[in-house]
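Please read them with the structure open.

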Amino acid sequence: MDPENSLRIMPDSLKAFCARIFERHGISVEDAATVADSLVEADVRGISSHGVARLGAYLGELRAGYIQPRAEVQVVSETPVIALIDGGGGLGQPISKRAMQLAMHKASELGAGFVTVRNSNHYGTASYYAMMALEQQMIGISMTNAAPLAVPTFGRDAKLGTNPISVAAPAGKERPFVLDMATSTVSLGKLEVYDRTETPLPLGWATDETGQATSNAARVIHNMNRRDGPLHGGLLPLGGVGELLGGHKGYGLALMVDILSGVLPGAGYADNMYLADEEGRGLPANVGHFFGAFRIDAFRPVDEYKAAMDDLILRVKTSPKAAGQARIYIHGEKEFETTEESQRNGILLHPAVVASLRAISGESGVPFEDESARHTG
């Protein structure tokens, strides 16, 4: 990273900038704040693949008409425990926030709630929604399907999304458990980070158009961005090639997410999403999501649960370390520590991201760098 062109900026300043940009593109004040919060919180937690680096992509889809700025979001069907929401082709974050809030409301009344979404778009980090349940002393679940970027086990063409799964569970004195994982080896955003930094991919993350492993991130991204035919090559399922190291398990998890997020609500699934018409113009993405919430006290007293969670976490963290290793992490722990650093010193933005935000600022007339921004060099 070039320190001369890197920048640190405080989270609230970056959120204000992103929100104003979305407002300039026809998004309501409330929805703009939600999308901005989702993007910046990803950077705050160190998940730069889903942070403000994606701002330009969202704006491009809004301008092209792929995302509806004032979508009509409707509850299509509902019972006391479950609901189906149609997102009207709008931004995924506001739709998903509403869906998770509804799942938590149902859980608060009956102990559990499940909400599926169809006709949506990319919703950012899966953990953003699962972690909403932590504030209500609940366990949260969030998953989404996505554009076909991953190849099935023994396959060559991309047929499945990275299809992430997130589960967030509160603890007592220890930090919460927050799992946020792609069902592919890595996410597309991670490849974009490697491409921006011109870093070779580890072999085993992705394949080229022939189905062979490649370290060329730009080549993989080019193949996956095509809209004019089959998507040859792509990301490998979690576990890698074949069955020896469990690639078929990651493949199975990806299919599970497509069933719950795509088939169940009537959204797109596999390569039946992010389609184009006969003239090559993009059609609505029709991404699907699945959200769940459980009220802990419906199972056992919260204090007992938290004591057991702390015991579980400490039993794992204090167990013997492998040779050369100093620490065992619990899922979400690194992100909580990165959050503390970001809140103290600001978010460190890569030079390429800084350049893209400056360009967006220049086009829109919304100031990007304020008094909280400082160069690191």
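Which residues of helix α7 (residues 217–224) are buried?

1. Helix α7. The buried residues of helix α7 are Ala217, Val220, Ile221, Asn223 and Met224. Buried means under 20% relative accessible area, exposed over 50%, and partly exposed in between, with a 1.4 Å probe and protein chains only. Seen down the axis of α7, these residues fall within an arc of 160°, so they line one face of the helix; the arc is that of the directions from the helix axis to the C-beta atoms. Their cover includes α6 (188–196), β8 (206–207) and β9 (234–235). At the start of α7, a side-chain oxygen of Asn216 comes to within 3.1 Å of the backbone nitrogen of Ala218.

2. Basis. This is a predicted model, in which local features need pLDDT of at least 70 and side-chain atom pairs count only at pLDDT 80 or more, while totals for chains, interfaces and linings use all residues. Residues are numbered from 1 along each chain as its sequence is written, and side-chain values use heavy atoms, with hydrogens and water left out. Helices (H or I, at least four residues) and strands (E, at least two) are DSSP runs, numbered from the N terminus.

3. The sheet. An open sheet of 3 strands is ordered β11-β1-β12, with antiparallel pairing; strands pair if DSSP finds at least two bridges between them. The edge strands, β11 (347–349) and β12 (374–375), each pair on one side only. Strand β1 (residues 7–9) is joined to β11 by 3 bridges, and Ile9 has Ile347 as its bridge partner in β11. Helix α11 (residues 351–364) lies across β1, β11 and β12, at about 90° to β11. This angle is between N-to-C directions on a scale from 0 to 180 degrees, with axes fitted to C-alpha atoms, for helices over the stretch in contact.

4. Nonpolar cores. The largest nonpolar core has 31 residues, and Leu14, Phe17, Phe22, Leu55 and Leu349 have the most contacts inside it. Such a core is a set of buried Ala, Val, Leu, Ile, Met, Phe, Trp, Tyr and Cys residues joined through side-chain atoms within 4.5 Å. A second, separate core of 20 residues includes Met100, Val115, Ala126 and Met138.

5. Lys15. Lys15 is in helix α1 (residues 11–24) and counts as buried because its relative accessibility is 17%. The side chain of Lys15 makes a polar contact with that of Glu41 at 2.8 Å.

Note on methods: A polar contact is a pair of N or O atoms within 3.5 Å; within protein, one must be able to donate a hydrogen and the other to accept it, and residues adjacent in sequence count only if both atoms are side-chain atoms. Contact means heavy atoms within 4.5 Å.
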